[in-house]
Every structure is written in structure tokens, then in C-alpha cells.
Amino acid sequence: MSRLVVVSNRVGPLNDTGRAGGLAVALVDVLRKRGGLWFGWSGAVSESGTFGELQFAEDDDVSTATIDVARVDYDEFYAGFANKALWPTLHYRLDLTDFDRRLAEGYRRVNERFAARLVPLLQKDDIIWVHDYHFFLLGDYLRRAGVNNPIGFFLHIPFPVPEILTALPNHQAMVKAMLAYDLLGFQTAAHLSAFERYVLEEANGTRGEDGALHALGRKVVADAFPIGIDADAFAGFHKTKEGSKNLSLVRSELDDRKQIIGVDRIDYSKGLPQRFMAFERLLQMYPEHKGEVELLQIAPPSRSEVRAYKDIQESLEGLSGRINGRFSDLDWTPINFMSRSFPRRSLAGIYRASAVGLVTPLRDGMNLVAKEYIAAQDPEDPGVLVLSRFAGAAEEMTEALIVNPYSIDELAEALHRAIRMPLDERQHRFDLMHKKVMTNTAGAWAETFLDRLTTLNADAQGLNPAYLN
Ligand code: GDG
């Protein structure tokens, strides 16, 4: 089997420290199975930046190779174009974009540098898998350097409809670079279809008989590969020391009350203010829930160097303070807003102790929390998932209470329904979702993607040759 080379912005720890995100854990799993190399940013900013020494680490058959970035790269590439232009555009928030050309140039430069540093590490039979919006251009730079290996790309966040994407000043160059990959993976059929529409309508492309897309002198195979979680681990975490400790702690704190749980990085795409307002509306519309229900929102800070992220943090502090001021009693505080993180095992215990999982992003590629919440439930007495129609997960998790996260009234009503839902209905919905979560795991997702890339390679039908144009 050929060696797998994974490229992603952050390179996760090779051992499950409990702190790693779901994606890092999934990638380590597949790397361990096949052996391979994981290449990306070290997380450090240094003077030598992308020109500095590579840092290597090894554990069994898996090695990591990371490089630093310079301050200017961090500002223009990471905090700049990736998180001030691409992230908001791809999440339909054109109002929050900064399309400064200096940032776009920084993004191009860092993609080119990462490709240049990766090339000497590559072997002839490697299969390369690049991840996410930080590296739309990287495959193109690999091709220009003469790399003929199969290269796949997976986009973890939404791909927007052409009417939105075309607001990005360099959209055509970006899509042309994406066509240098052999296989493009999207989270959902909807994101795939938005990409196909761009290629066919905006770039005047065609679809070949083999299903591949042809445009701008290139060819690519694109498909939906919905990501999953390490479901077995999540289902068992409540039995671990940390998991069971948190489960009993939360249960005893709650007493007879019911808990609604939200777990999200602080991000404007996650719909957090609307969620807080919906909980307030619930207490107004159905006063019987006062003293009976509480909302626990776990929200680790992220990207706080970007203004829009500071703003959302402040607005959440303001909102939770106001709602608590308005409704709290001596023995009950309605919203518990924690801007901190917990180890994965603890999270699983908290999910299991919660009667409702509230996942209401305004846009989300998939949303792993929705799946983790289901995997962590007790099948004898499962909680209810309330899920935004704009999360990629809604395409699969159709038995959740699907909501429009912009409608505060609809959200409040869904919460009321979830809290009052009888056991048999809860179990019925849970059983159907649970099957999907346990089957479409992170491991299965990675295997499916890599099998497809390998088959394309064997047929040599989908592959782009190295080119110089
Ligand atoms: C991107 C896409 C797509 C959260 N708080 C803590 C913690 N988390 C973990 C969760 C979950 C992960 O972080 C968050 O994943 P999401 O899928 O919800 O969202 P993004 O970070 O935006 O991820 C998304 C994903 O990529 C994968 O393709 O689903 O749509 O935006 O695993 O559990 N983990 C720990 N402590 C916390 O406090 N350890």
C-alpha cells in the first residue's frame, strides 16, 4: 500500500491527549493504520518562518514534519486571507470579509512555500491528501513543481453557491487551482452541487462521460464524503474516569432539572447569540421551564486576534449576563456560559447528562458536536438533538428536530418540544441517528476517500499530469 501523506494547517498530537479535536483524532487513526507522514504548520511564529528547519517527530509508523511561519505570514495568511476572507465568504458572511490584496498575496505565498517545503519529502508512490480552506492553492504548486502523485483535497467547511463565491475577488484563480487536485471531497451533496454549479455555469465547464468535471483546461473528480467521528470511543468515554466523574457531577448538580448543552468554538458561524435569545424566548413563552431547565454553553475561544471573534465573545457575555440578570433565582441560574475547553472524555460525560443537544449554526460544513452528542447518549434514556438545517449534519441526521436557527420563535418552540418529548419518541429518533453515527465513522470516511483516490489512480482516468501553465 502506498504511503499516505496528509497536509493540514495544524498537525495534531500523535497521541490522544484528550485535547485534540475530532478531526486530528481521525487523521491519526488512518495514518496509524497505513503508516505515513503528516505535514503542516508547527503552530509557532518565528523569524525564519517557512524558511526555517523542518521539525520532525515520529511514533511507530507515523511521522510528522512541521514548519514555523513568520509573523507576516501569520497576519496575512492565517489571521488574514484564510480567516478574514475565505472563512466568512464560505460561511455566507460577506459583511465580515476583508479582501485586502496584501492578504491574498500572503495566502498565495504561504501555499507556494508549504508546497516547496513538502516536495523534497515526497516519494514516488505517495498518495497525498490535503485538508481544508488554508490550502486551496497547494495542489497547484505541487503540480508546478512536477509532482505527479495522486493528490486529493477535502474541504471541511461549506462551499458556497456561485452567487456568494463570486464576491471573492480571485474566485476564478482559486477554483482553477482546485482543479489541479485529482479528487475533491465536500461534506455534503449541497456543497458538491454548489461547486459543480460554479464549474459548469461560471467557468463554462462540462461534465465528461466518466462524471469528471472539465474546465479551464483541467479535469477533476468531485464528490461528497460526509465526515464522521470516532464513534466507539465517544460511546465509551462515559465509562472512563474523567467521563464518569463529569457525568455524575453534572447529574448531581442538576438534581431534577434538565440541561440543554451547546459546545462550540466561539465563532460567528455557530449562531450563539440567536441560541441565547431563543433560550430567553423559551422562558418567556413557557414560564413553567423557569427553575426547571438550564442552558450550559461550553465555548472555547478561538481566533481572538480577529476583530469579529472578539466582538462575538463580548456580545455573548453581554447577552448571558442580561438573561441571567432577568431570570435568575436564589437556587437557579438559567445560562452557564463557560468560555473554556474540556478534555474530550469530560465532554462525553457532559453530553450524556444533558437532555437536549443544541446545535444551531447559521452555516457549518458538517458539525461533529451533533454526532458526538448522539454517540454519547444512553440508549435507554436518550436526549434529543435540536439541529440547524444549515449544518451539513442535517443532510444525514434527519431524525433530529431540524430548525431554522434564524427564527428565535421556532428555536424556542423546538426546545420546548425537545424537553417534553416522551421516551418512545426520543428512542425512535435516537436509534435511527445512532445507527448512522456508528456506521459513518471518521475511519470509514477516510477509507472511502482514500479508496476513491486510489481507484482513480489505478484507472489513471481522473489524474492530472504535472503541468506548467
Ligand atoms: C470544522 C468545520 C466540520 C469543542 N469544544 C471542545 C472540543 N471541541 C471539539 C468538539 C468537536 C470539534 O471540537 C468541533 O468540531 P465542529 O465540527 O463542531 O466544528 P469546527 O471546529 O468548526 O470544524 C465543521 C469539522 O471541521 C470537521 O470536518 O464538522 O463543520 O467547521 O470535535 O468536540 N474538544 C475538546 N474540548 C472542548 O472544550 N477536547
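The legends below describe close-up views of a predicted model. Residues are numbered from 1 along each chain as its sequence is written, and side-chain values use heavy atoms, with hydrogens and water left out. Local features need pLDDT of at least 70 and side-chain atom pairs count only at pLDDT 80 or more, whereas totals for chains, interfaces and linings use all residues.

**View A. Crossing of helices H13 and H15.** Helix H13 spans residues 368-375 and helix H15 spans residues 423-439; helices (H or I, at least four residues) and strands (E, at least two) are DSSP runs numbered from the N terminus. Their axes come within 9 Å and cross at roughly 115 degrees. Axes are lines fitted to C-alpha atoms, for helices over the stretch in contact, and angles run from 0 to 180 degrees between N-to-C directions. H13 and H15 are therefore roughly perpendicular to each other (65 to 115 degrees; under 35 is roughly parallel, over 145 roughly antiparallel, the rest oblique). The crossing of H13 and H15 is left-handed, a term used if the near helix is turned anticlockwise from the far one by less than a right angle. On the H13 side, Lys371, Ile374 and Ala375 meet Phe430, Met433, His434 and Val437 of H15, where contact means heavy atoms within 4.5 Å. By class, the residues of this contact are five nonpolar, one polar and one charged. Ala, Val, Leu, Ile, Met, Phe, Trp, Tyr, Cys and Pro count as nonpolar, Asp, Glu, Lys and Arg as charged, and the others, Gly among them, as polar.

View B. Glutamate 396 sits in the loop between strand S15 (384-388) and strand S16 (401-403). The residue is buried, with a relative accessible area of 13% (buried is under 20%, exposed over 50%, partly exposed in between, with a 1.4 Å probe and protein chains only). Its side chain makes a polar contact with the side chain of asparagine 440 at 3.1 Å. A polar contact is a pair of N or O atoms within 3.5 Å; within protein, one must be able to donate a hydrogen and the other to accept it, and residues adjacent in sequence count only if both atoms are side-chain atoms. Leaving aside neighbours within four places in sequence, glutamate 396 is in contact with Pro226, Met366, Lys371, Lys436 and Asn440. Lys371 also belongs to the H13 side of the contact with H15.

**View C. Packing of helices H6 and H7.** Helix H6 (residues 171-178) packs on helix H7 (residues 189-202) at an angle of about 110 degrees, with the axes 12 Å apart. That makes H6 roughly perpendicular to H7. The crossing of H6 and H7 is left-handed. His171, Gln172, Val175 and Met178 in H6 meet Phe195, Tyr198, Val199 and Glu202 in H7. This contact has five nonpolar, two polar and one charged residues.

**View D. Isoleucine 335 in strand S13.** Isoleucine 335 lies in strand S13 (residues 335-338) and is buried, at 3% relative accessible area. Its C-alpha atom is separated by 6.3 Å from that of serine 320, 15 residues apart along the chain. Not counting residues up to four places away in sequence, isoleucine 335 touches Phe276, Phe279, Leu295, Ser320, Ile323 and Asn324.

View E. Aspartate 255 has phi near 60 degrees, a positive value in a residue other than glycine. Its place is the loop between helix H9 (241-254) and strand S11 (258-263), and at 61% relative accessibility aspartate 255 counts as exposed. Asparagine 367, also not a glycine, has a positive phi of about 95 degrees. Asparagine 367 is in the loop between strand S14 (356-359) and H13 and is buried, with a relative accessible area of 6%.
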